[in-house]
Amino acid sequence: MRIDRLPTVDIDVLPEDPSPPDVWQERSACYGIDPDVFFPISEEEAGPALAFCSACTIRDECLAWALKNGERYGVWGGLTEQQRRRIARQVA
């Protein structure tokens, strides 16, 4: 699965001061899933992680945390590393 398109993300609706993961991760769709799923070796292998994220009710909080804290690796808030870098460049 190739991830070329950047999902539509409205940066303006993300929480400005997101809580750290230890506050919300128990409510996440990925809670209890092997963390290796969320750190794929390539973008093409991100499909399973993105599927969990698509069903998650706290995806915005997770993505806001990753963007604010410069998470460089893994899938956070439904976006891969490359997708988050593109968003960071757009808002810079």
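What radius of gyration would a compact globule of 92 residues have, and what value does the protein chain have? A compact globule with 92 residues would have a radius of gyration near 12 Å. The protein chain has 12 Å, so the value agrees with that of such a globule. This is a predicted model, and its C-alpha atoms fill a box of roughly 30 × 30 × 20 Å along the principal axes.

The average pLDDT of the protein chain is 89, and 91% of the residues score at least 70. Confidence is highest in helix α2, which spans residues 47-54, with a mean of 96. The lowest confidence belongs to α4, with a mean of 86.

The protein chain contains 4 helices and 0 strands, and its pattern along the sequence reads α-α-α-α. Of the contacts with a separation of 6 or more, 64% are accounted for by residues 24 or more positions apart. Buried residues make up 35% of the 92 residues.

In α3, the residues Glu 61, Cys 62, Leu 63, Ala 64, Trp 65 and Ala 66 are buried. What covers them includes α1 and α4, the latter formed by residues 81-91. After α3 comes Gly 70, which has a positive phi near 65°.

The interior may now be examined. In soluble globular proteins, nonpolar side chains tend to be buried together. In this model, the largest nonpolar core has 7 residues: Trp 24, Cys 56, Ile 58, Cys 62, Trp 65, Ala 66 and Trp 76. Helix α3 supplies the largest share of this core, namely 3 residues. A second, separate core consists of 6 residues, among them Phe 38, Ala 46, Leu 50 and Val 75. When residues up to four places away in sequence are not counted, Trp 24 touches Ser 19, Ile 58, Glu 61, Cys 62, Trp 65 and Trp 76.

Between Gly 47 and Val 37, the C-alpha to C-alpha distance is 9.2 Å, while the two are 10 residues apart in sequence.

Charged residues complete the picture. Side chains of opposite charge can pair when their charged atoms come close. How many salt bridges does a search of the whole structure find? The search finds 1 salt bridge. Asp 17 forms a salt bridge with Lys 68, and their closest N and O atoms are 2.7 Å apart. This pair links distant parts of the chain, since Asp 17 lies in the segment before α1 (21-24) and Lys 68 lies in helix α3 (residues 59-68), 51 residues apart. Asp 17 is exposed because its relative accessible area is 59%, over the limit of 50%. Lys 68, at 48% relative accessibility, counts as partly exposed.

Arg 84, which lies in helix α4, presents another case. Arg 84 is buried yet has no salt bridge. The nearest side chain of opposite charge is Glu 81, 5.7 Å away. Leaving aside neighbours within four places in sequence, the contacts of Arg 84 include Leu 63, Ala 66 and Leu 67, as well as Tyr 73, Val 75 and Trp 76.

Notes:
Residues are numbered from 1 along each chain as its sequence is written. This is a predicted model: local features need pLDDT of at least 70, side-chain atom pairs count only at pLDDT 80 or more; totals for chains, interfaces and linings use all residues. Side-chain values use heavy atoms; hydrogens and water are left out. A salt bridge is a side-chain nitrogen of Lys or Arg within 4 Å of a carboxyl oxygen of Asp or Glu. Helices (H or I, at least four residues) and strands (E, at least two) are DSSP runs, numbered from the N terminus. Buried means under 20% relative accessible area, exposed over 50%, partly exposed in between (1.4 Å probe, protein chains only). Contact means heavy atoms within 4.5 Å. A nonpolar core is a set of buried Ala, Val, Leu, Ile, Met, Phe, Trp, Tyr and Cys residues joined through side-chain atoms within 4.5 Å. pLDDT is the predictor's confidence in each residue, from 0 to 100. Lys and Arg count as positive and Asp and Glu as negative; His and the chain ends are not counted. The radius of gyration is taken over C-alpha atoms; the globule rule is 2.2 Å times the number of residues to the power 0.38.
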